[in-house]
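Welcome! Please take a moment with the sequence and the structure before reading on.

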Amino acid sequence: MTWPSASIARPIVEMRGVRRVFGTEPEVVALDEVDLTVRRGEFVAIVGRSGSGKSTLLNTLGLMDTPSAGAYHLDGHDTAALSAVHRAGLRGARLGFVFQAFHLVPSRSVTENVTMAGMYAGATRSSRRSAAIEVLERVGLGHRLDAAPSALSGGERQRVAIARALASRPALLLADEPTGNLDSATSDSMQALFFDINKKHGTTIVVVTHDVEFACRLPRIVSMKDGKIAADE
Ligand code: ADP
Ligand code: MG
């Protein structure tokens, strides 16, 4: 897939003055006046200490959490104005998630795990299956299609989780510590896969990572501190 140059520069994420406060007395300010713009095709790392607000930011980007104040526009949609149905629709159509815990369904095969995730309205079972197989081949799991998740290594499970996130062809892929549970060789190949997805398919990626080496290979690093963006370079 190629992207026309105008849309590379179009923002997919625009946050202005976003706050997220949890609880009362004491309240925890997890996001404090966050301004963030991410343009199509970018590959952005979010770094910062534990508790600095990285996951809250990612969950908010992913419409899994809602700002207490401020504005968040996703792909031109003012998310505060959306009904629950539209929100879910936008999430299904535009977003893919990869978490540190892979959340695979243990009783289903690799291919079924990916097929279940795709939001292919009206697509037939066989076309969903072939789309799942195509994306599994892309992540290097073409030889493990019928395996059970329990038969896979940690790196392979993470690849299934990535394939599942890609099944709906998201414009924005969000990943929270995707290499956190992987050994360094597996983590390297996972990073290469993310670079490939970003380059070849133009998928915008925002990844929370503790891995300094990984972050330093990315063109843009957003550093969080106490719920604020402390640096963006
Ligand atoms: P990070 O991912 O950088 O470790 P988080 O975004 O998970 O940070 O958390 C930021 C702050 O918000 C922390 O102080 C955390 O305890 C608090 N927090 C996060 N989620 C919740 C929640 N659901 N309820 C209460 N406090 C929360
Ligand atoms: Mg976190």
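This is a predicted model: local features need pLDDT of at least 70, side-chain atom pairs count only at pLDDT 80 or more; totals for chains, interfaces and linings use all residues.

This short report looks at a sheet, a helix and the surroundings of a ligand.

Strand β1, covering residues 11–22, joins β2 through 8 bridges in the antiparallel sense. If you want to find this pairing in the picture, look for proline 11, whose bridge partner in β2 is arginine 39.

## Around the ligand

Which residues surround ligand 1? They are Phe22, Val28, Ala30, Arg49, Ser50, Gly51, Ser52, Gly53, Lys54, Ser55 and Thr56. By class, this shell has 3 nonpolar, 6 polar and 2 charged residues.

Both β2 (28–39) and α2 (54–61) supply at least two residues of the shell. The largest share, 3 residues, comes from α2.

## Polar contacts and burial

A polar side-chain atom of lysine 54 lies 2.7 Å from an oxygen atom of ligand 1. For serine 55, a backbone N or O atom is 2.9 Å from a ligand oxygen, and for serine 52 a polar backbone atom is 3.2 Å from one.

How much of ligand 1 does the protein bury? Taken alone, ligand 1 exposes 560 Å², and the protein buries 58% of that.

Definitions and conventions:
Residues are numbered from 1 along each chain as its sequence is written. Chains are lettered from A and ligands numbered from 1 in the order in which they are written. Side-chain values use heavy atoms; hydrogens and water are left out. A residue is near a molecule or strand if one of its heavy atoms lies within 4 Å of it. A polar contact is a pair of N or O atoms within 3.5 Å; within protein, one must be able to donate a hydrogen and the other to accept it, and residues adjacent in sequence count only if both atoms are side-chain atoms. Accessible areas come from the Shrake-Rupley method with a 1.4 Å probe; for residues, only the protein chains shown count as cover. Helices (H or I, at least four residues) and strands (E, at least two) are DSSP runs, numbered from the N terminus. Ala, Val, Leu, Ile, Met, Phe, Trp, Tyr, Cys and Pro count as nonpolar, Asp, Glu, Lys and Arg as charged, and the others, Gly among them, as polar. Two strands pair if DSSP finds at least two bridges between them.
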